Amino acid sequence: MLRSVEITAELTCPIRGESLHNLHWQRKLELSLDCFICGRTGRTTSFLHGQEHAICSSDRERPEHPSAARIAGFDVTDERERTTLRTTVDYWWAPFHDAKRDQSATALTGAPWVRLHAGYYCPKSQQPGTFTIQTNMVRPVTSTCTHCDHPLATSAHTPGIRLLT
């Protein structure tokens with residue numbers, strides 16, 4: 001069955017003024033999914049926008065493998081002090097039983113988790129940088145430039161994960 005998940009997130013940015021760091025969402029993410037290919041629940045699956053498949057982390061006994069999943073939509077809205085992300089992930093799912101954990105798979109894994117990536121460019125050092133936000137961080141969390149310690153963005157709310165179909 002084809003399933004779709006909507007992921008939403010928001011970062012609050014200080015007034016940008018003279019220290020513009022060109023903050024932007026990167027078009028990659030990691031999402032926990034139940035994988036019928038390796039038969040494991042709660043697998044970290046890595047996505048890169050534009051690729052026709054994702055990569056399932058599998059487990060220690062099996063190597064990572066392609067997964068029938070992709071980023072289907074990636075929409076960013078930038079306002080003066082806020083940037084929001086809405087992305088849609090499509091993936092194929094089939095019922096199975098994870099023998100190692102003795103649990104049945106679900107269309108959206110039991111405890112969904114996502115990691116989102118952001119990038120920036122430091123005008124002082126003239127170097128790029130990145131940071132991530134994820135659902136299991138204690139909020140609010142503020143990310144700063146690794147080159148000049150300028151505050152970049154605050155994640156005050158956990159990213160949303162919603163099963164669409």
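Trainee: Quick one: is E6 buried or exposed?
Mentor: E6 is buried, with 10% relative accessibility. Buried means under 20% relative accessible area, exposed means over 50%, and partly exposed is in between (1.4 Å probe, protein chains only).

Trainee: Okay, what kind of model is this?
Mentor: The model is predicted, so local features need pLDDT of at least 70 and side-chain atom pairs count only at pLDDT 80 or more, while totals for chains, interfaces and linings use all residues. Residues are numbered from 1 along each chain as its sequence is written, and side-chain values use heavy atoms, leaving out hydrogens and water.

Trainee: Which residue forms a salt bridge with E6?
Mentor: R162 does, with the closest N and O atoms 2.7 Å apart. R162 sits in strand β14 (residues 160-163) and E6 in strand β1, 156 residues apart. Strands here are DSSP runs of E, at least two residues, numbered from the N terminus. A salt bridge means a side-chain nitrogen of Lys or Arg within 4 Å of a carboxyl oxygen of Asp or Glu.

Trainee: And is R162 buried or partly exposed?
Mentor: Partly exposed, at 47% relative accessible area. There's also a salt-bridge network linking E6, R86 and R162.

Trainee: How many salt bridges turn up in the whole structure?
Mentor: Six. One of them joins D98 and R40, with N and O atoms 3.1 Å apart at the closest, and both of these residues are buried.

Trainee: New topic: what's the strand order in the open sheet?
Mentor: The six strands run β5-β4-β3-β2-β10-β11, with antiparallel pairing. Two strands pair if DSSP finds at least two bridges between them.

Definitions and conventions. Helices (H or I, at least four residues) and strands (E, at least two) are DSSP runs, numbered from the N terminus.
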